[in-house]
Amino acid sequence: DYCGLLHWDGSMMGGCSWLWNPGMCQVGGNRERMLAALGRMAPGDMPDFDPGLKLALQGFNRVPTAAVKHMIVISDGDPSPPSGTVVNNLIKLKVTVSTVAVGAHGPAESGRLSDLARKTGGKYYQVNNPRALPRIFQREARRVAQPLIFESQAGIIPRVRYPHEMLSGLED
């Protein structure tokens with residue numbers, strides 16, 4: 001699995017940057033390093049959704065074989081709305097975006113986040129208590145998890161390997 005985390009820090013690329021390098025990377029042996037960076041993170045209040053979503057698109061483009069491309073945006077909803085071009089690029093790349101409104105100031109901000117989730121096939125959440133966030137992450141992880149069993153679109157073609165009376169009358 002790959003993971004990337006973008007946050008507004010006010011310093012680079014329109015103030016939005018990857019929390020770790022090279023941005024979107026395999027979790028595997030990087031898990032502890034990623035968690036440590038997350039623990040030190042000091043996010044700010046971004047003014048515009050586009051810079052972060054553009055960086056996310058670049059990250060998803062680096063993992064073209066990913067079976068599921070999903071992101072979660074946590075915001076108060078007051079940044080400038082994402083441009084139609086960015087939203088359409090997310091849709092083209094089949095990236096679903098679930099959004100979490102934390103401290104939204106009203107219907108306009110909530111609507112901005114709700115629209116992004118709806119247009120990309122994600123889910124919208126509004127929370128009043130930050131303790132709800134871990135449950136949302138767990139729910140989202142289960143929602144996008146792929147089954148461990150692969151079923152071919154073509155189906156299976158059974159063959160009789162050992163004749164048995166139970167199989168009498170069945171053809172190869």
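Contact here means heavy atoms within 4.5 Å. Helices (H or I, at least four residues) and strands (E, at least two) are DSSP runs, numbered from the N terminus. This is a predicted model, in which local features need pLDDT of at least 70 and side-chain atom pairs count only at pLDDT 80 or more, while totals for chains, interfaces and linings use all residues. Residues are numbered from 1 along each chain as its sequence is written, and side-chain values use heavy atoms, with hydrogens and water left out.

**Helices H4, H3 and H2**

The buried residues of H4 pack against H2, S5, helix H3 (84–92), strand S6 (95–102) and strand S7 (124–127). Buried means under 20% relative accessible area, exposed over 50%, and partly exposed in between (1.4 Å probe, protein chains only). In H4 the buried set is Glu109, Ser110, Leu113, Leu116, Ala117 and Thr120. Seen down the axis of H4, these buried residues fall within an arc of 125 degrees, so they line one face of the helix. The arc is that of the directions from the helix axis to the C-beta atoms. An α-helix has 3.6 residues a turn, so residues three or four places apart point the same way. Exposed residues Pro107, Ala108 and Arg118 sit on the face of H4 turned away from its buried side.

Serine 110 belongs to helix H4 and counts as buried at 12% relative accessibility. Apart from neighbours within four places in sequence, serine 110 contacts Ala104, Tyr124 and Gln126.

In H3, Val86, Val87 and Leu90 are the buried residues. They cover an arc of only 100 degrees around the axis, which puts them on the same side of H3. Thr85 and Lys92 are exposed on the other side. The packing partners of the buried H3 residues are H2, S5, S6 and H4. Lysine 94 follows H3 and has a positive phi, near 60 degrees.

H2 has Asp50, Gly52, Leu53, Leu55, Ala56, Leu57, Gly59 and Phe60 buried, and its buried residues pack against S2, S3, S5, H3, S6 and H4. The expected span of a helix is 1.5 Å times one less than its number of residues; the table sets this beside the distance from first to last C-alpha.

| Helix | Residues | C-alpha span | Expected span |
|---|---|---|---|
| H4 | 14 residues | 20 Å | 20 Å |
| H2 | twelve residues | 16 Å | 16 Å |

**Leucine 19**

Leucine 19 lies in the loop between S3 and strand S4 (25–26). Its relative accessible area is 18%, so leucine 19 is buried. Leaving out residues up to four places away in sequence, leucine 19 touches Leu5, His7, Ala37, Leu38 and Met41. Its C-alpha is 6.7 Å from that of histidine 7, twelve residues apart along the chain.

**The largest pocket**

On a 1 Å grid over the protein atoms alone, a pocket is an open set of points where a 1.4 Å probe fits, with protein on both sides within 12 Å along at least five of seven lines; lining residues have an atom within 4 Å of a point. The largest pocket holds about 1,900 Å³ of space, a volume being the space filled by probe spheres set on the points. Its lining has 48 residues, with Cys3, Gly4, Leu5, Met71 and Ile72 nearest the centre. Among the elements that each supply at least two lining residues are strand S1 (2–3), helix H1 (31–40) and helix H5 (133–144). S5 gives the largest share, seven residues.
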